[in-house]
Amino acid sequence: KINFAAANLRVVRVQLSDDSFNDQGNGLKRETLQNLGKILALLGEERSVLELDYASNGNVNNSKGSRLRSVRKLMLDAWKKQSKDYPLEVIIKSGR
């Protein structure tokens, strides 16, 4: 059995980097938070999948997986508060 409904999903890719976060920890910069809010509005326009990725600046950053999981949780929590018409799927592309 093949489900063609999945083929109709729009994929919205967000690439984060060290510059998206405050110097230490998982706290996002104000500009990043504002941009993520705009992305939530975009996701509400049509059924979509959110794909999070982390661009390495060449530095070995052990916190990128934790940062991606933190952003995933933030987006899912914000999505639930908005009572949208479909459940949001958030995929972490790297940083596992």
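Biologist: Why is R30 called exposed?

Modeller: Its relative accessible area is 68%. Exposed means over 50%, buried means under 20%, and partly exposed lies in between, with a 1.4 Å probe and protein chains only. So R30, at 68%, counts as exposed. R30 sits in helix α1. Its C-alpha lies 8.9 Å from that of S20, which is 10 residues away in sequence.

Biologist: What are the ground rules?

Modeller: The model is predicted, so local features need pLDDT of at least 70 and side-chain atom pairs pLDDT 80 or more, while totals for chains, interfaces and linings use all residues. Residues are numbered from 1 along each chain as its sequence is written, and side-chain values use heavy atoms, without hydrogens or water.

Biologist: Why does L16 count as buried?

Modeller: Its relative accessibility is 2%. The limit is under 20%, so the label holds.

Biologist: Which residues does L16 touch?

Modeller: Leaving out residues up to four places away in sequence, L16 touches F21, T32, D53, Y54, A55, L68 and V71. Contact means heavy atoms within 4.5 Å. L16 is in strand β1.

Biologist: How many helices and strands does the protein chain have?

Modeller: Two helices and three strands. They are DSSP runs, numbered from the N terminus: helices are H or I with at least four residues, strands are E with at least two. Along the sequence the pattern is β-α-β-α-β.

Biologist: What makes β1 and β2 a pair?

Modeller: Eight bridges join β1 to β2, and the two run parallel. Two strands pair if DSSP finds at least two bridges between them, so eight is enough. R13 stands opposite E51 in β2.

Biologist: How many bridges join β2 to β3?

Modeller: Four, and these strands also run parallel. That too meets the requirement of at least two. L50 has V90 of β3 as its bridge partner.

Biologist: Which face of β3 is covered?

Modeller: The one with V90 and I92. E89 and I91 are on the uncovered face.

Biologist: Why is β2 called largely enclosed?

Modeller: Six of its eight residues are buried, so the rest of the structure largely encloses β2.

Biologist: Which residues of α1 are buried?

Modeller: T32, L36, I39, L40 and L43. Down the axis of α1, they fall within an arc of 110°, so they line one face of the helix. The arc is that of the directions from the helix axis to the C-beta atoms. R30, E31, K38 and E45 are exposed on the other side of α1. Cover for the buried residues of α1 includes β1, β2 and α2.

Biologist: Which residues of α2 are buried?

Modeller: G65, R67, L68, V71, M75, L76 and W79. Their arc, seen down the axis of α2, is 165°, so they too line one face. K73, K80 and K81 are exposed on the other side of α2. The cover over the buried residues includes β1, α1, β2 and β3. S83, which follows α2, has a positive phi, near 50°.

Biologist: Which residues touch the most other members of the largest nonpolar core?

Modeller: I39, L43, L50, V71, M75 and L88, out of 21 residues. β1, α1, β2, α2 and β3 each give two or more residues to this core. The largest share, five residues, comes from α2. A nonpolar core is a set of buried Ala, Val, Leu, Ile, Met, Phe, Trp, Tyr and Cys residues joined through side-chain atoms within 4.5 Å. Beyond its neighbours within four places in sequence, I39 contacts V12, V14, L50 and M75.

Biologist: What share of the 96 residues in the protein chain is buried?

Modeller: Buried residues make up 32%. Among contacts between residues at least 6 apart in sequence, 75% join residues at least 24 apart.
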